[in-house]
Amino acid sequence: MLSSRKKYIVNGNSGIKTQIQFADQKQEFNKRPTKIGRRSLSRSISQSSTDSYSSAASYTDSSDDETSPRDKQQKNSKGSSDFCVKNIKQAEFGRREIEIAEQEMPALMALRKRAQGEKPLAGAKIVGCTHITAQTAFLMVSFCFFFSGFPVFAWKGESEDDFWWCIDRCVNVEGWQPNMILDDGGDLTHWIYKKYPNMFKKIKGIVEESVTGVHRLYQLSKAGKLCVPAMNVNDSVTKQKFDNLYCCRESILDGLKRTTDMMFGGKQVVVCGYGEVGKGCCAALKAMGSIVYVTEIDPICALQAWVWLLFRLVGVYIYCFSCNKNVVTREHLDRMKNSCIVCNMGHSNTEIDVASLRTPELTWERVRSQVDHVIWPDGKRIVLLAEGRLLNLSCSTVPTFVLSITATTQALALIELYNAPEGRYKQDVYLLPKKMDEYVASLHLPTFDAHLTELTDEQAKYLGLNKNGPFKPNYYR
């Protein structure tokens, strides 16, 4: 969707996310700083962002090569070393993974065909940070449909310092001024806002897809500090009704079973939060025969869930409410029964108070990749998955088709903000126009051989609608 004069660069942050840049092909990327001290980046910025934003993983498989990718000298097939990955020899395997994902992402394929003629992002310079999956990789490939390749900065098992190093490598490039931000969690937006304020002021638009990142954008807007129009993709109808619900419904058990090999029939499970993510998790667990309890703070969601509070008797504890802190505290963890599984389906790593478990009286025992036993002095242990970070993307995979919906929504939001005439969007946070939500849904209907009926002129007049939509008001969610 960019002109042939452009190329893009993908940078990674935690094995869960990836940073991306789109820049002029003439840009000399070898001007990147060759050496940056491991602790030279601002720790005050990193720490404050860690508290609110970061979903970076700090674990590394014992079987992995202990050499950091930052210390390796690697070249791709074209002789370029402008990337940082764990093993460049896995490139062909990654390509096959992307090709598999492509089959389940029909809407992006449709946008790619349309973009061949329109080139709606010609001239865009996009810097981004999103999860590393085959599906997001296909989104990046779709942005660069006309280009021969792109560098990548990403590897699984990054430390917190690696996480911010990759972001800075993506942003701090001589002569580089991005004009769009594609973010997931607010880490990148936060970094540019705090560390490169002059660069931030020149951004044309921000697209954010997570609860956490959207929350931070609204905070900036309320404080009068958001000097850039931003699109809230997370609260688009298609994201809420499909990705948040169906993605988690299909992936929660996948992650739990891969890490624990546990039978969930008859297990007592507490799910904290009954939003769309919580609804999906509850549906999957109930279908497996689990006894599900739900906790909530929202009376509407609580009424939906018939809330039950039960900490001492549960066997599995799942947190599903993003953008919060210490919902599961040390007190709760102390009261849990032996062998209770604790995991997080929220975006960040602050929902479970993992820091309170790193004390001398408790023993940590690595069981397998992304599975830890935390052992109390009396021998009681809990099973902590992914160190309290996002379970499905850390421990399993996610269904491609539902992610196709989110990826298409992100792409359309970028196109909308980038091509919007002067004055259409102020320095505020906006919801995706309902017409675009409906367009995303319509692009996926042919997969099911589904066909829409059409209002008659009389019906459209009676309802006060345009026959071609939008069919829902802007306030509908």
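**View 1. Buried residues of helix H15 in a predicted model.** In helix H15 (residues 434-444), the buried residues are Lys434, Met436, Asp437, Val440, Leu443 and His444, where buried means under 20% relative accessible area, exposed means over 50% and partly exposed lies in between (1.4 Å probe, protein chains only). Helices (H or I, at least four residues) and strands (E, at least two) are DSSP runs, numbered from the N terminus. Among the elements covering these buried residues are helix H3 (106-118), helix H9 (237-260) and helix H14 (400-419), and contact here means heavy atoms within 4.5 Å. The model is predicted, so local features need pLDDT of at least 70 and side-chain atom pairs count only at pLDDT 80 or more, while totals for chains, interfaces and linings use all residues. Residues are numbered from 1 along each chain as its sequence is written, and side-chain values use heavy atoms, with hydrogens and water left out.

View 2. The whole structure holds zero disulfides, a disulfide being a pair of cysteine sulfur atoms within 2.5 Å. Cysteine 129 is buried at 0% relative accessible area, and its sulfur is 8.4 Å from the closest cysteine sulfur, that of cysteine 170, which is too far for a bond.

**View 3. Salt bridge between aspartate 261 and arginine 368.** The closest N and O atoms of this pair are 2.9 Å apart, and a salt bridge requires a side-chain nitrogen of Lys or Arg within 4 Å of a carboxyl oxygen of Asp or Glu. Because aspartate 261 lies in the loop between H9 and strand S9 (268-272) and arginine 368 in strand S13 (residues 363-368), the pair ties together parts 107 residues apart in sequence.
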